[in-house]
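Welcome, and thanks for taking a look at this one. Below is a short tour of a sheet, the helices around it and the core they share.

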Amino acid sequence: MLNINTGRSSLKRDGPNKPIKKPESGLLKKAAPKTRVTDEFVLVLNTFVSHPDTKITGYDVIHGSPNIRGTDLKSGTVYPMLYRMEQKGWIELEREVFDPNIEPPKRPPRNYYKLTSTGLKSGKKLLLERDKQLQKLLTRNKGGYREVLA
């Protein structure tokens, strides 16, 4: 490999006819992605934790349905979150299957997401921690120079 800063190769030889050794640094290892806990992520997670046994579509997360309050987030925010939550094992994806004997509707199949037991446990823990942080903030700023959530 060529080092961009020095212009030298990071591959080393012990001698002129010896095989090249690869560097033993962790550059090629992939770290497990951390879950970023943004306000938007909390909204999406809360939607699932509030309805743990319900199959929810991405559209329901965004716009809501009779039983589910929508988040009003953009689809470019919600769908990547759903993908990451699925990769972590927090939600399961179930794709709608059309009956082959009946003419399918003129729309693509829907993707239904359902919270897993791991997602429920981890989600409740994360939401509880987030709630404690908010309570500390509200307590710390009480009587301060500005009111929070006035």
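A quick definition before the angles: axes are lines fitted to C-alpha atoms, for helices over the stretch in contact, and angles run from 0 to 180 degrees between N-to-C directions. With that in hand, helix H3 (residues 75-87) lies across S4 and S5 and runs at about 110° to S4. Please keep in mind that this is a predicted model.

- Three strands make up an open sheet, ordered S3-S5-S4, with antiparallel pairing.
- Strand S3 (56-57) and strand S4 (91-95) are the edge strands, each pairing on one side only.
- Five bridges join S4 to strand S5 (residues 111-115) in the antiparallel sense.
- Leu93 stands opposite Tyr113 in S5.
- Helix H1 (residues 39-50) packs on the sheet, where it touches S3, S4 and S5, and its direction makes about 75° with that of S5.

**Helix H3, side by side**

- Val78, Met81, Leu82 and Met85 are the buried residues of H3.
- An α-helix has 3.6 residues a turn, so residues three or four places apart point the same way.
- The buried residues of H3 pack against H1, H2, S4 and S5.
- Gly76, Tyr83 and Gln87, on the other side of H3, are exposed.
- After H3 comes Gly89, with a positive phi near 85°.

**Thr71, a loop residue**

- Thr71 sits in the loop between helix H2 (58-63) and H3.
- Is Thr71 buried or exposed? Its relative accessibility is 13%, and buried means under 20%, so Thr71 counts as buried.
- Leaving aside neighbours within four places in sequence, Thr71 is in contact with Leu43, Val44, Thr47, Val61, Ile62 and Val78.

**The largest nonpolar core**

- The largest nonpolar core has 21 residues, of which Val44, Leu45, Phe48 and Met85 touch the most other members.
- H1, H2, H3, S5 and helix H4 (117-141) are the elements that give two or more residues to this core.
- Which element gives the most to this core? H1 does, with six residues.
- Leu45 is in contact with Met85, Trp90, Gly123, Leu126 and Leu127, leaving aside its neighbours within four places in sequence.

Technical notes. Residues numbered from 1 in each chain as written. Predicted model: local features only at pLDDT ≥ 70, side-chain atom pairs only at ≥ 80, totals over all residues. Heavy atoms only, no water. Pairing = 2+ DSSP bridges. Helix = DSSP H or I, 4+ residues; strand = E, 2+ residues; numbered from the N terminus. Contact = heavy atoms within 4.5 Å. Buried < 20%, exposed > 50% of the residue type's maximum accessible area, 1.4 Å probe, protein only. Core = buried A, V, L, I, M, F, W, Y, C linked by side-chain atoms within 4.5 Å.
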